[in-house]
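Reader: Could you show me how to read backbone angles and ring contacts in a model?
Author: Gladly; let us look at it together.
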Amino acid sequence: QVQLVESGGGLVQPGGSLRLSCAASISITNFYSMGWYRQAPGKQRELVALIARRSSTDYAASVKGRFTISRDNAKNTVDLQMSSLKPEDTAVYYCTCYRDSPLPITYWGQGTQVTVSS
């Protein structure tokens, strides 16, 4: 049983920054990768960023250069540092963890709201 708890969401002005954090209930070394998805009103859920066991990362084109994903194995957390925020970044952000052994499975957090508005 895995629980993921996101925090750090809120209201921020365009051009501002927020740091999201996801705390896992078990060691994150159990996972092949951890990441963040987001879903805006009326939009499909989309991948924002991923970080793998050896710290390789992948980002959506829309956030490259503005968002940074990181993990802390000792604290069992994965963070998303967001800067130069735009109104189109407004969405519910979800933490996710994935493992492929012994069977593929993905865990999801409850989501945290990020609103970018003046």
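Author: Let us start with Ser55, which lies in the loop between strand E5 (46-52) and strand E6 (57-59); strands (E, at least two residues) are DSSP runs, numbered from the N terminus. This is a predicted model, where local features need pLDDT of at least 70 and side-chain atom pairs count only at pLDDT 80 or more. Residues are numbered from 1 along each chain, and side-chain values use heavy atoms, without hydrogens and water.

Reader: What is the phi of Ser55 near?
Author: Most residues other than glycine have a negative phi. Ser55, however, has a positive phi near 75°. Ser84, in the loop between strand E8 (77-82) and E9, also has a positive phi, about 50°.

Reader: Which peptide bond is cis?
Author: Most peptide bonds are trans. The bond from Ser101 to Pro102 is cis, with omega near 0°, and Pro102 is in the loop between strand E9 (91-99) and strand E10 (105-108).

Reader: How many aromatic pairs does a search of the whole structure find?
Author: A pair of aromatic rings is described by the distance of the centres and the angle of the planes. The search finds four, counting Phe, Tyr and Trp (six-membered) rings with centres within 6.5 Å. One of them, Phe31 and Tyr107, is edge-to-face, at 6.0 Å and 65° (planes over 60 degrees apart). Phe31 lies in the loop between strand E3 (18-24) and strand E4 (33-39) and Tyr107 in strand E10, so the pair ties together parts 76 residues apart in sequence.

Reader: Are Phe31 and Tyr107 buried or exposed?
Author: Both are buried, meaning under 20% relative accessible area (1.4 Å probe, protein chains only), whereas exposed means over 50%.

Note on methods:
Helix = DSSP H or I, 4+ residues; strand = E, 2+ residues; numbered from the N terminus. Phe/Tyr/Trp six-rings, centres within 6.5 Å; stacked < 30°, edge-to-face > 60°.
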